[in-house]
Structures are given as C-alpha cells and as structure tokens.
Amino acid sequence: MNILIIEDEKDIAQSVSRYLEKEGYHCEWVNNFDQAWEKINLYSYDCMIVDIMLPDGSGLDIVEKLKLLRSKSGIIIVSAKNSLEDKVKGLEIGADDYLTKPFDLSELNARVKAVIRRKSFDGQSQIIFNEIVVLTEERKVSVKGKTISLTKKEFDLLLFFISNENRVLTKESIAEHLWGDHMDIADSFDFIYAHLKNLRKKILEQGGGDYIQTIYGVGYKMHKP
Amino acid sequence: MKLLSLTNRYYISSILVIFIVGSIVSFQILKSTINREFNEKLFAERDQFIYEWHTYDGLREVLYLNIGDQIEVQSVDHRPEIEETLKDTVMFGAYEKKDLSFRKLRFADELNGQYYIITITKSLLPNEDLIQGIGEIMLFLITALIITLVLINRWIAGMVLEPFYYTLAAIKEFNITKPGPIDLMDTNVDEFKELNSVLDKMIVKNQKDYLNLKEFTENASHEIQTPLTIIKSKAELLLQESSLDEEALNDVMHIYEAAGRLSKLKHGLSLLTKIENNQFEDSEPINLKRFLEKEVNNLEELINLKELTLEKSYKAEPILVLNYDLAYILVTNLLNNAIKHNTERGRIAVTLNESELIIENTGRPIKGDPALLFERFKKNSHTKDSSGLGLALVKKICDLYGIKIIYSVNSNLHRMALSF
C-alpha cells in the first residue's frame with residue numbers, strides 16, 4: 001500500500017510517515033506543489049494526505065487534478081485552518097476526508113485505513129482481529145461467530161482500537177475521536193472508561209479475549225497477547 | 001422625530017408667535033388710529049353743526065332728517081351743567097336688525113339765550129367691519145404662509161437632503177466583511193461633501209483594520225497550528241516507544257496534553273475573534289426543535305453514563321436564522337455545561353417554546369459572581385479540560401444574533417434562559 005504525503009513541514013511529514021510505516025504502508029513525501037504534481041502524474045497511490053497550504057500552491061488544486069485524472073486513490077485533506085468553507089469545498093471536489101491540525105496520528109491512521117477500505121473493497125470490508133470480526137459498512141461485530149450488539153460509541157471505539165492495533169491511544173485522542181473537537185467535558189475520561197468497560201464485557205460474554213490494556217496515566221492499548 | 005418635522009415645528013411656532021404678537025399690535029394701532037379719526041370726525045361734525053345751527057335760523061323750524069348720523073337737540077331751561085362727553089353705546093339698528101355699536105358726542109350749547117344739549121350719535125359699524133376684514137386677511141395670509149412653508153420644506157428636504165438619505169442607506173447596507181468602497185452620492189453641498197469624505201476615509205480605514213485583524217487571526221491560527229502539530233505528533237510517537245519507562249512516559253504525556261490544551265485554547269480564542277469580526281456570515285433557517293433533538297440525542301449516552309435524569313419538553317418549533325456552526329457551538333456548549341457541572345444522579349431539563357429555550361440543571365453552587373460567568377477564563381473549576389471559553393462563546397453568539405441570555409440560580413438549580 002502506497003501513501004503520498006504532501007506536506008511542507010518536514011517534521012510533520014516525518015511523524016506521519018513513521019507512524020504509518022509501522023502499519024505496513026509505504027510512504028513517500030513531497031514538500032511542495034510542483035513535486036506533488038509530478039508524482040501524481042507519474043504514479044498511483046492508495047491514499048494521499050494533502051496539506052491545503054503549500055508554499056507554491058493550494059492542495060485543493062491537487063485534489064481537483066486527481067479527480068480529473070480519475071484517480072482511484074483516497075484523499076485526506078489536512079488543514080491548519082479549521083474552516084468549514086475549506087472542508088465543504090474539499091469534500092465537494094472529491095476529497096474523502098478532512099482533518100484539522102493539530103491531529104492525532106492515531107486519528108489520521110484510522111482515517112487512512114477507513115478511506116483505503118472504502119476504496120479497495122467497494123464498500124465490502126471486514127476486519128478480523130483474532131475471534132473478533134468487524135463488518136465496517138454494516139457496523140456489525142461478531143465474536144466467535146456470534147453477533148454482539150454495540151452502541152454507536154462502543155462500535156466507534158472498537159474500530160478505533162483495531163485500526164490502531166498495538167498502539168498506545170491517549171484518552172484525549174479517544175475523546176476527540178468519539179465526540180469531536182467540541183468535546184470539552186472534564187469527566188469525558190470517565191465516559192471513555194465506562195464505554196470501554198461495557199465493550200470489554202460484551203466481548204468477554206461471548207468468549208472473546210481481553211485485549212485492551214490500560215497504560216497508566218496515558219491511555220489504552222489494544223494488542224494480541 | 002424627523003428633521004423636517006423638527007424644522008417645521010420651529011418655523012411654524014415662530015411664525016405663529018410673530019403672527020399673534022403682530023396681530024395684537026396692528027389691531028391696537030389700527031383701532032387707535034381709527035378711533036382717533038372717528039373722534040375727529042365727530043368733533044368736526046360738532047363744529048359744523050354749531051356753525052350751521054348758529055348761522056341758519058331756519059334750521060330750528062325745519063325738520064331736517066339726516067339718515068347718516070343721528071343728531072338730537074334737546075332744549076333745556078337753564079344752563080346745563082354738563083361737560084362735553086364722548087361715549088360708546090349699543091343700540092338697536094333698524095337696518096341690520098341687531099344691536100350695533102355707536103359713539104355719542106354730547107355737548108351743551110347756548111343760542112339766543114336758550115340752552116340746548118346736543119347729542120351726535122355715529123355708527124361704529126364701518127370701523128368694526130374694517131378691523132374684522134383686516135383680521136380675516138391676516139388669518140388667510142398666515143394659513144397660506146404656513147401651508148406653503150410646509151410644502152416647500154418637504155420639497156427642499158426631499159431634494160436637498162437626498163444625498164444625506166442616500167448616504168444613510170449606504171451606511172445601513174454597509175458590511176465590513178464585504179470588501180470594496182461604499183457607494184455615496186455626489187453632491188455640491190459642502191456639509192454633505194464633508195460628511196461623505198469623512199465617512200469614506202473612516203470606512204477605508206476600518207476595512208483595512210478589519211483585513212489586518214482577519215489576516216493576523218488566520219496567520220496566527222496557521223502558524224501556531226504547525227508547531228503544535230509537530231509537538232503533538234512527536235509526543236505521540238514517543239508514547240509508542242516501548243523503551244521509555246513510566247516516568248518518562250508520563251512526562252511525554254504532559255507535553256502531549258499541554259499541546260492539546262493550547263490547541264483548544266487557540267481554537268476557542270480565534271472563534272471568539274471570528275464572531276466579534278462578524279466572520280460567520282452564512283446563516284440559514286434552523287428548526288431549533290429538530291436541532292436540539294439531534295444534539296440532545298448525541299449526548300444522551302453521556303447523560304445516561306452519568307446517571308442523570310433528562311427532561312425534554314419541546315412545545316414549539318421556532319425557526320431561527322443562524323450560522324450552523326455557531327448554532328452547534330451554542331447548543332452543545334450549553335448542554336455540555338449542564339452535564340459537566342451536574343451533580344451525581346442530578347437532573348437536566350430542556351424546555352423549548354416559541355420564544356424561549358431554557359436549560360436547567362442541578363449542580364454545585366458556583367463560586368464567585370454569577371455576573372462574571374460569561375467572561376472569558378472565569379471558570380469555576382480549575383480543571384485542565386475546561387478552556388474557560390465555553391460560556392464566553394455562548395454569550396458572544398447570543399449577542400451576535402440578538403438573543404437574550406439570562407443565568408439564574410435557585411437553590412442549586414442552575415438555569416440558562418435564552419429568549420429570541
């Protein structure tokens with residue numbers, strides 16, 4: 001799986017590619033519009049992470065060009081501006097997702113996976129984590145073949161964990177993933193804890209394993225033993 | 001009050017005063033002149049009478065009828081002890097068939113040893129008619145003058161004040177977020193020329209300031225986000241390092257948290273600035289009931305987790321024209337607050353009617369002045385997850401749309417009432 005990162009800030013690009021490469025993706029990085037233009041005309045990528053503000057052009061133009069080329073790659077726009085206008089425009093001209101800086105790498109990773117899933121399986125996709133099977137489009141989860149019923153937040157939580165297998169997820173990133181950036185509730189972490197408790201219980205009840213580990217003071221991590 | 005009615009009021013009242021004073025004065029002058037003339041006529045008649053009376057002996061024998069003035073000759077035996085007197089009197093006029101004013105001149109005379117008292121009575125009617133006529137003319141003149149004045153004023157106001165009204169309309173239409181010069185009418189009137197040029201300068205300066213501020217806000221937003229993203233992402237990478245011990249991990253976590261807080265703070269502040277700068281323009285009609293239902297639904301899981309009782313009462317479906325994002329921030333901030341500051345197994349009540357949205361929640365008493373609740377950074381609890389901007393944002397959004405928000409607390413029941 002190839003990913004192109006179009007980002008003028010070297011440090012950000014490095015962090016992103018380090019995180020994504022551990023997921024098994026091959027990442028390429030360009031830091032300006034011209035290089036990006038060259039790359040998209042020569043190669044094809046499964047997913048592109050496009051910063052809107054580039055020193056020599058707008059990332060939105062790249063998105064438009066990709067659509068013109070009937071490119072099949074997923075596009076995630078990353079912007080420092082939290083502007084609805086840009087977001088609406090980006091999605092209108094064909095981007096698949098929109099993320100505002102500063103973002104969590106775990107969030108970006110989950111979005112990249114979601115975009116690639118949508119693109120490559122034409123909406124049919126299942127993720128298998130040992131005995132847990134997640135049907136992402138139907139939003140159904142089964143453990144050892146038996147469907148378990150999860151609330152919307154529990155499902156989102158599980159998918160977020162499975163997308164970031166073996167990664168430490170901070171409570172902040174989980175809160176933002178579940179409730180968005182307007183989440184400003186002091187005891188949101190209690191809610192995360194409560195959701196996790198319910199999720200664990202539902203999986204354990206069907207004979208699934210307990211894969212979510214608490215990392216003290218930081219957050220949680222889901223991993224196979 | 002309109003400028004025109006104000007000037008008209010002054011014009012008309014000063015004209016009325018001048019007219020009343022002028023009328024009284026001219027009435028008096030006319031009256032005394034006419035009186036004097038009249039008396040002189042009477043005296044002249046007296047002299048003429050005495051002359052004729054003394055000269056033509058035949059007069060005393062002849063019955064002479066003078067229809068004009070009435071002359072009464074009364075012979076008396078002894079010398080009458082009377083002074084010459086002038087007296088106004090009212091008598092019945094046979095012709096006009098009503099009481100009329102007359103003036104009487106009474107004097108004594110002696111002829112051939114015989115004494116007479118002579119009275120000449122003269123009708124005052126022509127003089128009264130004259131004064132009345134003059135009064136009527138003045139009344140007509142003044143009415144005509146006032147009507148003309150009002151009409152001319154209205155016409156002048158329409159014509160002369162046109163550039164002024166045009167400018168006024170242009171200012172009303174003016175929106176600082178829209179670039180370009182303001183459309184003012186060319187005029188030859190110095191005052192309006194000056195007004196327009198001052199306005200033009202002011203507006204150009206304001207637009208420049210506004211653009212600078214906007215640019216600054218956008219730049220600050222962008223330039224701060226980039227290093228923040230670097231800090232956050234590097235911290236996140238470090239958190240994945242299995243080689244770090246717990247202490248180091250905790251330190252990294254603090255860096256990560258601080259970066260997150262800074263980002264939220266910046267987000268809140270730039271939102272406030274944007275609202276203050278009127279940068280949220282696209283408004284749309286929002287069905288508040290449906291909007292509330294959706295947001296309350298989104299939070300219901302949290303409400304259940306906190307074991308709060310939620311009472312919803314939507315009695316109407318008011319439609320408000322708001323920016324969607326701002327409406328979202330307004331409603332979620334209020335609802336989040338009601339959840340956040342609630343007590344264990346507390347209660348939240350959301351009531352909506354045609355002109356009011358009331359969100360009530362049980363909660364601990366707030367420390368400090370409730371009036372400062374909507375100020376920035378006046379947070380009650382010093383929790384790191386509260387930016388201290390939530391209610392300031394709520395207030396700003398309410399102000400922007402002219403929504404009145406009132407906070408009150410009554411025995412640990414906090415109440416936010418929005419009236420629109």
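Predicted model: local features only at pLDDT ≥ 70, side-chain atom pairs only at ≥ 80, totals over all residues.
Residues are numbered from 1 along each chain as its sequence is written, chains are lettered from A in the order in which they are written, and side-chain values use heavy atoms, without hydrogens and water.

**Helix 8 of chain B**
- Helix 8 covers residues 324-340 of chain B; at 1.5 Å a residue it should span 24 Å, and its end C-alpha atoms lie 23 Å apart, which agrees.
- At the start of helix 8 of chain B, a side-chain oxygen of B:Asn323 comes to within 2.9 Å of the backbone nitrogen of B:Asp325.

**Sheet of chain A**
- An open sheet of five strands in chain A has the order 2-1-3-6-7, with parallel pairing.
- Strand 2 (26-30) and strand 7 of chain A are the edge strands, each pairing on one side only; strands pair if DSSP finds at least two bridges between them.
- Four bridges join strand 6 (residues 74-79) to strand 7 of chain A, and A:Ser79 stands opposite A:Thr100 in strand 7.
- Helix 5 of chain A packs on the sheet, touching strand 1, strand 3, strand 6 and strand 7 of chain A.

**A:Asp104**
- A:Asp104 lies in the loop between strand 7 (97-100) and helix 5 (105-120) of chain A.
- A:Asp104 counts as buried because its relative accessibility is 3%.
- Leaving aside neighbours within four places in sequence, A:Asp104 is in contact (heavy atoms within 4.5 Å) with A:Ser173, B:Lys232, B:Glu236 and B:Tyr256.

Technical notes:
Helix = DSSP H or I, 4+ residues; strand = E, 2+ residues; numbered from the N terminus. Expected span 1.5 Å × (residues − 1). Polar contact = N/O pair within 3.5 Å; in protein donor to acceptor, adjacent residues only side chain to side chain. Buried < 20%, exposed > 50% of the residue type's maximum accessible area, 1.4 Å probe, protein only. Axes fitted to C-alpha atoms, helices over the stretch in contact; angles between N-to-C directions.
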